[in-house]
Amino acid sequence: MNDYHVVSFSGGKDSTAMLLHMLELSMPIDEIIFCDTGAEFPQMYDHIARVKKYIGRPITRLKAERDFYGFMFDYEVSARRTKNASYHNKGLSWPSARIRWCTRRLKADIADKYARERAKEYNLVQYIGIAADEQHRAKTKRYPLIDWGWTEKNCLDYCKSRGFDWGGLYDIFSRVSCWLCPLQRMDSLRALRHNFPDLWTTLLDLDHKTWRTFRPDYSVDELGAKFAAEDEMEHRQVNLFDAV
Ligand code: SF4
């Protein structure tokens, strides 16, 4: 069987750096795949379109049978599988640390299905963009960033040196994933509300329409109230300081 070299591309700084540098090194690449959750930042979709144009090659977009919103609201959950089914049994609602349905259904399952299909014809060689300071996550497959010793910072600096800025996303967030992720850190959520008021309004709307609360400890309304109170406190402290 011939080798078939596949780059797993998320659009983030690490896999972007890996892809660009592999091309610069003329490493073999037969296909570039991107698992689309449907819930990336608009700036991330713009970035992916820019990368595609920059490298002058197609990027295969893999999608599950539904996007994030389809699973969240429309997927039929068996009444036996959720305590809340008697109340509202449609949709998987927000993922949580315990029920992280999104990574499996929107990423792992479709990537595995793709790999199984390709492996029928080829000896599949997959390249994953895990940075050298994240190498505890590496298992099998190939990890060029680890081979090169490139840290997350190296990756971001390199991408910026090639003209990619993600519309400023990495100036706001240290990690960029689905904009609506309930598992993102509190400071990311704070930054989301501060910098993307339209997305925050959409987040509120989504939380109002689904049966599981955004996070076990906070609804989106409660988070908004918490962040507003923090802003108010900070504002008062600044005024007090100015008055002294
Ligand atoms: S970033 Fe969050 S919402 Fe998106 S797939 Fe990962 S865990 Fe799920």
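Q: How many bridges join E1 to strand E2, and do the strands run parallel or antiparallel?
A: This is a predicted model. Three bridges join E1 to E2 (residues 31–35), and the two strands run parallel. One place to look is serine 8, which stands opposite isoleucine 33 in E2.

Q: Through which helix does the chain cross from E1 to E2?
A: Through helix H1 (residues 13–24). This β-α-β crossover is right-handed.

Q: How many bridges join strand E1 to strand E4?
A: Five bridges link E1 (residues 3–8) with E4 (residues 123–127), and this pair runs parallel.

Q: At what angle do helix H9 and helix H10 pack?
A: Start with the axes. H9 (residues 197–209) and H10 (residues 220–243) pack at about 140 degrees, and their axes lie 9 Å apart. Angles over 145 degrees count as roughly antiparallel. The angle here therefore makes H9 oblique to H10.

Q: Which residues in H9 meet which residues in H10?
A: On the H9 side, find Leu203, Leu204 and Asp207. They meet Val220, Asp221 and Gly224 in H10. By class, the residues of this contact are three nonpolar, one polar and two charged.

Methods:
Residues are numbered from 1 along each chain as its sequence is written. This is a predicted model: local features need pLDDT of at least 70, side-chain atom pairs count only at pLDDT 80 or more; totals for chains, interfaces and linings use all residues. Axes are lines fitted to C-alpha atoms, for helices over the stretch in contact, and angles run from 0 to 180 degrees between N-to-C directions. Helices (H or I, at least four residues) and strands (E, at least two) are DSSP runs, numbered from the N terminus. Angles under 35 degrees count as roughly parallel, over 145 as roughly antiparallel, 65 to 115 as roughly perpendicular and the rest as oblique. Two residues are in contact if their C-beta atoms, placed from the backbone, lie within 7 Å. Ala, Val, Leu, Ile, Met, Phe, Trp, Tyr, Cys and Pro count as nonpolar, Asp, Glu, Lys and Arg as charged, and the others, Gly among them, as polar. Two strands pair if DSSP finds at least two bridges between them. A crossover is right-handed if, with the strands pointing away from the viewer, the path from the first strand over the helix to the second runs clockwise.
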